[in-house]
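Please read them with the sequence and the structure open.

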Amino acid sequence: MTPDLVGGLESPDYASHDRSAHEPYTPVFTGEAKRELDTLLTRYPTKMAALLPALWIVQRERGWVPEEGMLEVATLLDLTPAYVKGVVTFYTMYHQHPVGKYFIQVCTTSPCGICGAEDVVKAFLRHTNTGELGITSPDGRFTVIEVECLGACGFATPVMVNEEFIESVTPEKVPDLLAKLA
Amino acid sequence: MGYPNHPHQRETPVLSKYFGDAEARTLDGWKKRGGYKALEKALGMSPADIVNVVKESGLRGRGGAGFPTGMKWSFMKPGDGKPHYLCCNADESEPGTFKDRELMRWTPHALVEGCAIGAYAIGAETAYVYIRGEFTEPLYWMEQAVKEAYAAGILGKNAMGSGKRIDVHVHKGAGAYICGEETALMNSLEGRRGNPRIKPPFPAVSGVFGSPTTINNVETLIAAAPILMNGADWYKKMCLSNPKSTGTKLFSVCGNVQRPGTYEVVLGFPFKEFLYDLCGGPNHGRKFKAVIPGGASVPIQTMEEAEATLMDYEGFVAQGSMLGSGGVIVIDDAQSMVSVIARIARFFAHESCAQCTQCREGTAWTTKIMERIRDGQGTMEDMDTLLDIADQMTGKTICVLSDSCAVPVVSGIKKFRGEFEALIQGRRFHPVIAAVA
């Protein structure tokens, strides 16, 4: 179930995502989002420092960070697109591919692992009909991944569904939890 | 603890006093509980006096390294003509640690106040609170608190009418354990990949945006307020063992234990009573087997060592480990130590920034070999190989992530060699056998 370590780092399998099927890109930073970015820029002495927050805005508006979004951010912050992509690929929370409507992250690091997190992952894979980590369910609703330490070890197993943080999830609670998302 | 249970009578709630008290999250509620009095007092003192009080109190960094906070602040020289910055490290990602999450989601104003005091003390006008992206709840509450504080004139160009400018900004991380390392945090804040920087220059000389910077943990900054209010002597007296370890410390307890949660005790508290009394001991029918007392990157303790430990910086070192971040991972006899260590190694392999060869390759090799042993495919030579790799990974890289991966492996092989050998010799791990052994 755990992916192989390739060249020292994990390379998740996103092969099932068809990126061409998505709508043409429209700029994110117009109107409210542009004003938000302008406010952000006042907080830092350099434009570059607004890069992480700007990418968060792209992801919030588009559900993921497409290359066109990186290009847009690069232009606004006087950076090269390659530099922006270098930053995007460093951080695990920016989606470089579209994900399901509900992006489910289950913590399986040691403290949760010894409290049964593996079974929680299995329950999610079964009940969401995704079958495999990192794969979006056929109806496009769910993507389940394992995540490293969510920092709520005393509430094993913590699960994040998009922005929502859910504590103390057990395999038995998974069907109810998913039903509430419907 | 305060949430989800009431504090244990043997706890000393100073920072955790308002956990579970929803009203304390708001500005009005926080003021009713004495909030922002310490900042008011601080703004009436000279920065040098604040640094002296904190120095005198003996407060040490609560993020892991335990560096004296007052001394760190005193490295920031006033009048050097450059802007100074304070960074609050709220990237809490060390497996087993979740104390800062509780502090931020229950007492966000305490951190705003702590940041403002810290910023003023080091001559900074701007403080950045770098919170990991996964902490959606703490992020929400911190953003609310900052907004309220600006609206009330506590922050801004005339903070509390003092004529001093103090800005506090919340900065959201994007998923990288390594950004909890102070130089990586600064790179990330600047909009770069979170690769740690070579030191020197140290942050106090050239930190974020090339300016003198101090990086403090959430708990450290929050502790500054009660120290200023009650005085250094009050804080110094909270000490049960070594006088170099003063004050209270939050310990977040997780794993195979009856009552996981965040506990606040005076440093020097006996670890045995902490585990069996405060935390309720092992789950029904189980026995404790090992403890990792300071987050996943400190040496594993056997129960014999743990039960002889006094919970302070020196006490954990004397018993073969470190206090670290105070993230206590308790492991019982139903767990295979090899599996636990293999999973820790995988964590570090995933989180290596891949900048240094020893770390990039070492963490991945360690993971592969540990998982091979776990799956019954290991050989006796594997243990020597692991120790050899661990040696190559220690003290040879820019930051200590590499060392952190080696630590549990080395201590695990040393202290639980029998479990490694049993798996290698083809005996499957069985909890009952382990309990007898």
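1. A:Val159 faces A:Ile166, a residue of β6(A). The two strands concerned, β5 (residues 159–161) of chain A and β6(A), are antiparallel and share three bridges. Strands pair when DSSP finds at least two bridges between them. Helices (H or I, at least four residues) and strands (E, at least two) are DSSP runs, numbered from the N terminus.

2. This is a predicted model, in which local features need pLDDT of at least 70 and side-chain atom pairs count only at pLDDT 80 or more, while totals for chains, interfaces and linings use all residues. Residues are numbered from 1 along each chain as its sequence is written, and chains are lettered from A and ligands numbered from 1 in the order in which they are written.

3. The pair in point 1 belongs to an open sheet of four strands in chain A, with the order β4-β3-β5-β6 and mixed pairing. Its edges are β4 (142–147) and β6 (164–166) of chain A, each of which pairs on one side only. From one strand to the next the twist averages 20 degrees. Helix α6 (residues 117–128) of chain A lies across β3 (102–107) and β4 of chain A, at about 160 degrees to β3(A). Axes here are lines fitted to C-alpha atoms, for helices over the stretch in contact, and angles run from 0 to 180 degrees between N-to-C directions.

4. Chain A has seven helices and six strands. Along the sequence they follow the pattern β-β-α-α-α-α-β-α-α-β-β-β-α. Of its 182 residues, 38% count as buried. Buried means that 20 or more other C-beta atoms lie within 10 Å of the residue's own; exposed means 12 or fewer, and partly exposed is in between, with C-beta atoms placed from the backbone.

5. Which elements of chain A give two or more residues to the side that touches chain B? In the contact between the chains, 38 residues of chain A meet 53 residues of chain B. The elements are β2 (9–10), α2 (51–62), α4 (81–90) and α5 (110–113) of chain A, and α2(A) gives the largest share, four residues. By class, this side of chain A has 25 nonpolar, nine polar and four charged residues. Contact means C-beta atoms, placed from the backbone, within 7 Å. Ala, Val, Leu, Ile, Met, Phe, Trp, Tyr, Cys and Pro count as nonpolar, Asp, Glu, Lys and Arg as charged, and the others, Gly among them, as polar.

6. Chain B is assigned domain 1 (22–237), domain 2 (248–332) and domain 3 (337–436). Over C-alpha atoms, the centres of domain 1 and domain 3 of chain B are 36 Å apart. Their contact uses nine residues of domain 1 and seven residues of domain 3 of chain B.

7. Chain B has an open sheet of five strands in the order β6-β5-β11-β8-β9, again with mixed pairing. The edge strands are β6 (261–266) and β9 (301–302) of chain B. Strand β5 (residues 248–255) of chain B pairs with β11(B) in the parallel sense over four bridges, and B:Cys254 stands opposite B:Ile329. On β8 (residues 288–292) of chain B, which runs antiparallel to β11(B) with four bridges, B:Val291 stands opposite B:Val330. β5(B) and β6(B) are antiparallel over six bridges.

8. Is strand β11 of chain B enclosed or open? Six of the six residues of β11 (residues 327–332) of chain B are buried, so the strand is largely enclosed by the rest of the structure. B:Gly327, B:Ile329 and B:Ile331 point one way, and B:Val328, B:Val330 and B:Asp332 point the other way.

9. The largest nonpolar core has 187 residues, and those that touch the most other members include B:Cys87, B:Leu111 and B:Cys115. Helix α14 (residues 337–351) of chain B gives the largest share of this core, ten residues. A nonpolar core is a set of buried Ala, Val, Leu, Ile, Met, Phe, Trp, Tyr and Cys residues joined through C-beta atoms within 7 Å. Beyond its neighbours within four places in sequence, B:Cys115 contacts B:Leu86, B:Cys88, B:Ala127, B:Val129, B:Val168 and B:Leu221.

How values were computed. Contact = placed C-beta atoms within 7 Å. Domains from an automatic or database assignment.
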